[in-house]
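Please open the model in your viewer and keep the selection tool to hand. The stops below say what to select next and what is there.

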Amino acid sequence: MSDDGGRDVEAPPIISVRELTVRARDRVILERVTLDIPDRDVTGIIGPSGCGKTTLIRTMNRMAERSGGLAISGSVRYRGQEIYAPEVNPVLVRQKIGMVFQRPVVFPMSIFDNVAFGPRLNGLDGDELEAIVLRSLERAGLLGEVGSDLDRPALELSGGQQQRLCIARALAVEPRVLLLDEPTASLDPIAAQRVEALLFELRREYAVVLVTHNLQQAARVATRTAFLYQGRLIEYDETKRLFETPREKLTENYVTGRFG
Amino acid sequence: MSQAASAPPPANETLIGGTTRRPRKSTVGVGLAVGLAVVLLAVGLGGGYALGKSLGGSSGGTTQYTLTETGSTLIYPYLNLLGPNFTKIYPNVVISPAGTGSGTGISSAEQGLVDIGGTDAYLLPNVAAQYNLINVPIAISSQLIFYNVPGLSVPHLNLNGTVLAMIWSGVITNWNDPLIQAANPGVSLPNLPIVPLHRSDGSGDTFMFTSLCFLSWKGWTGGYGTTYSWKAGQPGYQGNAGMVTGLTNTRGGIAYIGISYLSSALAAGLQYAALGDQAANVNGTNPANYILPTPTNISEDANLALENLQPPSVAISLILGGVPGATNLQLGAGGTMPTAQYPTPYPDVNLEYTLISTHPSNPARQTWVVTFLEWAISSGATAPRLSTVNFLPLTPAVVGYDMQALASVPIG
Amino acid sequence: MDRREPIPRPADGASTPTPVPALPNRRAANGEGRSRLRGWLASPVALLPLGLVALVAAVLLWESRLANLGPSFWGLNYFFDPSGGAPSVFGVSLFLVDSAIVAGPALALASGLSLAIAISTVVYLPPAPSRLLTLLTNLLAGIPSVVYGIWGYVVLAPYFGTTAQPTLRGFLGWLPGFGGPLSAGGVGSLLAIFILTIMVIPITAAVMRESLRNVPNDLVEAGLALGATPWEVVRRVRLRAARRGLWGAVFLGLGRAIGESVAVAMVIGASIQIPPNLYTPSTTLASFIFYQLDSAFFYPNLLTALTEFALVLLAVALVVNLLGQRASGADATVIVTGGGRG
Ligand SMILES: Nc1ncnc2c1ncn2[C@@H]1O[C@H](COP(=O)(O)OP(=O)(O)OP(=O)(O)O)[C@@H](O)[C@H]1O
Ligand SMILES: [Mg+2]
C-alpha cells in the first residue's frame, strides 16, 4: 500500500496494522491488511456490508477475540507496542483505545454512573470523579442538554443523546484512540449531524477511527479514508483524493455507485 | 453493491426477529405441555375406566372383584400377605391394600371410598354408627419401648408407664435418675441425658403410647391421640422406620416402636424394655412385676381385657388391659371392667382394626368383603403369616365377637 | 460533492441546548405490556391456573369455615389435646416464624451458590463444562423430595449430629443462634436448611442463569470496551442489568423453600416450637400440615385448623410467586414452559 506524502507524514502513527489476517472457521474475513492510523485526526473506513470493517476495528482494541472462532494473525501496534504480545493485558489496551458501537449502548443506570463507569474502575471517586464526568459530558457536547440532573436514568435520553453519552463515557476513560462503528447509523439526521460535528471536534485531541456506510459522512469528517472490499484493503488515501480520483476501479465503482 | 449498501441495517432486522420468535417459541411450549397433559389425562381416565370395568364388570361366568383397602401402615404388610392366599382359594377376588395411615383409613371408610378401612385405633362406636361402619379387629399387635443406651449390663431395662410419662414430660431427663435406678436395682446406669423421640406423623402408635402415659401418671397433660403436643425440642420422626433410624442415631434416645419393626430395631443394635404392670395404683413408680412383650404376655393382656368386658365390645384400648380403673378413663365403649387384678400381662397392647360398612351399596360385593374377613380371622390367620409381622392371633372371645358382627352385615 | 464546509460547527464548550424530542421508548414499552396483559386475560389457558387457584381457595374456605379465626389464630402458641381434655390453641404465626427461620437461611445460601453457578456457567466456564454444570444442577431438580428426606435422615443426620453441628458451634458458637444445645440425632433446623438449600438451588440457578445469559452482549462489550475486566463486567454490568431476573429467582426459590413439605418433615425433627438455635428441631407450616394430615382425619377440629393453615400457606405462596414472576418478567416464562435456550 502506498503511504504517500500526507500532511502528517512526519508524525508517527498511533496504530499501525501490518499484514493482519483474520480467519473464521471456513473463510477469510480480513486478508493481509496493512494500514496506519494517524494521531489527532479522523480516519474513515468504508466498504460494502460484510467487507470486514467492524472486524478490522475490533482487532485494534482486542475486542475481536471475544467473538469465538476467529484466528488472528499479523501485527497491530499501538504507539510501537505490539498489542497481541502474550504479556499484554487486553484490559489496558481497551483503556487506551476506546470504542463506540453502532447502536447506543447505555447501561441501565443514571447518566452520571454511565460516564463514571470507566473512571470508577480505576479507583476515582469524590470531586475528582465528578470533575472528570462533567468534563467528559462537556466534551461530548451533552452537558448543556442534560443540565444539572445527572441522576436521571440514562435510558430516558433520546437516541442521539444516548450515543453522545456513550462517547462521553468512552472519553472519561481518557483514551488516546476512539474507534467508532457506524455511530450515527441508528440516529435521525439531526442527531447524526450533532455526533458528526462532535467527532470533528474530537480530532484535535484524539485519534478517531470512524467506520461508516455514509460516504458523505466520511467525506465530511475524515482526513484519510480506507476502502475495504471482501476483506482486503483496496485503497487508503486522503479522503478527497480517494473520492475524486480513485486509483482502483473497485473504489471508483463503489464511490460513484454510492452517489449514483 | 449499491443495493447491499442501501439495505436496512441488519441490527434492526435481528431485533424484530427476536421479539417475534420468543413468544412463538413459548406458545409452542405451552401448546405441547397442554397437549401432553390432555393426552395423559385421557389415557389416565380411559385406562382407569377400562380397569374399573374389567374389575367390577362380569367377564365370562364369574364376576371379578377387586376389594380395596386403605389405612394403617402396620396392617398393610399383613393384608399384602393374606390377599394372594385368599385369591388362591377364590380366584375371582383380589385384595388391593394400601398403606396410607390410620386417619386416611377411617376417613376413606367413612366416605365409602374403599371396601375396607384399616386402622390401629378403633373408631368410636357412636361415630362408627353414624357412618354405618363397624370395627372388626383382625389381629393383636403391641408396642415396644426401645432405647439407645450403650454398655448396659442387662438385656432389658425395667421401665413403667409412670416413668415413661415423666420422661416424655421432661420431668426425668437423665438415664441415672433415681426412679429409673429404683426399677433397675444393681444395674449401673450411665450419666447420659435422655432424648425422647416421637412420631411426627399421625399414628396409632402415638395413640397407644400417649394412652399409656395418660393412664399411668396424673401429671400427664395434653390427653392422648394419634397426634400430641409434645414438649418443645423433642425430635419427631416419620413412621416406625424413621423412629428406628432416628433412635440408632441418637445416643441416650428412647422411642416407642410398633412390634412389626422388632427385627429391624434389633438389627440396628437397639434394646427394648420390660414394662411394669402397675396402674392398679396410678402413679406407682415401681410396680412389682416387669413384663417382656412375649407372645404369651401380649395375648394374655388382650384376653384379660376382653374376656371379662361387659357388655362385650372391641372398641376398647387394651393399654394396661385387665387392670381395674382403665375403663374409667373412657378410652373405649364404656364397659365395666372386673375389679380383680391380673399380675402378668404386658401393658402396651392393641387390636388392629378393619372398618366395613353395614349398609353396603353393593351387597354382592360386600359378600366377598365379609367372606374375606371371616377367613382372615380364622383359617387365614396362620402362625407363620402372623409372625412375619409379629402380630398375634385374636383371642377366642374377639373372634366370636367378630363373627357375630360380620354375620349381621347384610349381604346378597 | 460536499466536504467539511457545510457542517454546522457547535460552539466550543457548552453546546447549544437544542431540545431533542424524547424517544417514545417508555410509552412503547408500556403499551406492549398492556397488550400482553390483555392477551393473557383473553387466553383460556391463562384462566385455567387462575380458576384452579380460586377453586382450591374456595374449597379450603368452605372446609375450614374459618372456625378458628380468632385472635389466637394469629398468635405464637399451639396446643392441641386430641382427647378434648383441654381447649386447643392453633397459632399459625408460630409456624410462619419457623418457616422463615428455616427458609431464610436456606434461601440465602441457595441464592449465593446459585449466583456463583450461574456466573460460572454463563461467563467463565468453557461450553462443555458449562453444559455439564447446568445438567448437574438440573438433575438436582429431578430428585423426588422424599429421596432427599430419606437421604437426609439416614445419611446426613448422623453426620450432622456427630460432626457438622459441633463443628459449627465450635467456630460460630459466639454468634446468636449458633450456640446452645445440639440436636442429638442430627435432625433439626440446620439439617432442614441444608436439604432445602440443595432443593432450591436448581430453581434459583436456572432462573439466574437465564437472566444473566439474557443480558445483551452489547452491554457486556460496552463494559469491556471501557477497560473493565471480565469480573468487573460481571459485577457492574451483568448483575445490574439482570437485577430483576435475579430477584425473581430469589422469590421463586422462596416459594419452593416455604412450600416444600415432605423432605422438610422428614429431617426437621417436627418439634412445635420456635427453635432456640439453629440446631434444634422445629417445624415449618408446610411440613406441619403434611405430617398432621392423617391425624386430622381423626379429629375434626384439627382438620379445620389445618385447612386454615393451608389457606395461609396458599396466600403466602401466591404472594411470593407473584412477586417472583413480576420481578423476573420474561425469565419466569422460561421456567414455566420448561424451555430456555440451549
Ligand atoms: N466471529 C465470526 N465468525 C465467523 N464469521 C464472522 C465472525 N465475525 C464476522 N464474521 C463474518 O465476517 C464478515 C465481515 O464481518 P464484519 O462485521 O466485519 O463486516 P462489516 O464490514 O462490519 O459489515 P457491516 O457493514 O454490515 O457492518 C461477515 O461476512 C461476517 O459474517
Ligand atoms: Mg459492521
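Select Asn132(B), which counts as partly exposed because its relative accessibility is 30%; buried means under 20% relative accessible area, exposed over 50%, and partly exposed in between (1.4 Å probe, protein chains only). Asn132(B) sits in the loop between helix H5 (125–130) and strand E4 of chain B. Helices (H or I, at least four residues) and strands (E, at least two) are DSSP runs, numbered from the N terminus. The phi of Asn132(B) is near 60°, a positive value in a residue other than glycine.

Before moving on, note that this is a predicted model, in which local features need pLDDT of at least 70 and side-chain atom pairs count only at pLDDT 80 or more, while totals for chains, interfaces and linings use all residues. Residues are numbered from 1 along each chain as its sequence is written, chains are lettered from A and ligands numbered from 1 in the order in which they are written, and side-chain values use heavy atoms, with hydrogens and water left out.

**Further along chain B**

Go to strand E4 (residues 133–147) of chain B and pick Ser141(B). Ser141(B) counts as buried, since its relative accessibility is 2%. Not counting residues up to four places away in sequence, Ser141(B) touches Ile259(B), Ile298(B), Val349(B), Asn350(B), Glu352(B) and Phe391(B); contact means heavy atoms within 4.5 Å.

Next, select helix H9 (residues 239–249) of chain B, where 8 of the 11 residues are buried. Among them are Gly239(B), Asn240(B), Met243(B) and Leu247(B).

**Where chain B meets chain C**

Show chains B and C together. Here 36 residues of chain C are in contact with 41 residues of chain B. The area buried between chain C and chain B is about 2900 Å², and carbon and sulfur atoms give 57% of it. Buried area is the accessible area (1.4 Å probe) that two parts lose on being put together, summed over both. How many salt bridges cross the interface of chain C and chain B? The rule finds 0; a salt bridge is a side-chain nitrogen of Lys or Arg within 4 Å of a carboxyl oxygen of Asp or Glu.

**Chain C**

Now hide chain B. Chain C has 13 helices and 2 strands, and buried residues make up 45% of its 342 residues. Chain C exposes about 16300 Å², with 69% supplied by carbon and sulfur atoms; accessible areas come from the Shrake-Rupley method with a 1.4 Å probe, and for residues only the protein chains shown count as cover.

Select Ile143(C), Val146(C), Val147(C), Ile150(C), Trp151(C), Val154(C), Val155(C) and Phe194(C): they form a nonpolar patch on the surface, with about 610 Å² of accessible area together. Patches are made of residues with over 30% relative accessible area and no salt bridge: like charges are joined within 9 Å, nonpolar side chains (Val, Leu, Ile, Met, Phe, Trp, Tyr) within 5 Å. Helix H5 (residues 145–172) of chain C gives the most to the patch, with 6 residues. Val155(C), in helix H5 of chain C, is partly exposed, with a relative accessible area of 47%.

Ala270(C) is in the loop between helix H10 (262–267) and helix H11 (285–296) of chain C. Ala270(C) has a positive phi of about 45° although it is not a glycine, and it is buried, with a relative accessible area of 5%.

Val220(C) is buried, at a relative accessible area of 2%. Leaving aside neighbours within four places in sequence, its contacts are Arg66(A), Val215(C), Val233(C), Val237(C) and Arg238(C).

**Chain A and its charges**

Follow Arg66(A) into a network of salt bridges that links Arg58(A), Arg66(A) and Glu221(C). Over all chains the count comes to 23 salt bridges.

Arg176(A) forms a salt bridge with Asp39(A), the closest N and O atoms being 2.8 Å apart. Arg176(A) lies in the loop between helix H6 (159–172) and E7 of chain A, and Asp39(A) in the loop between strand E2 (28–37) and strand E3 (42–46) of chain A, so the pair ties together parts that are 137 residues apart in sequence.

Finish at Asp181(A), in strand E7 (residues 177–181) of chain A. Asp181(A) is buried yet has no salt bridge; the nearest side chain of opposite charge, Arg58(A), is 6.7 Å away. Lys and Arg count as positive and Asp and Glu as negative; His and the chain ends are not counted.
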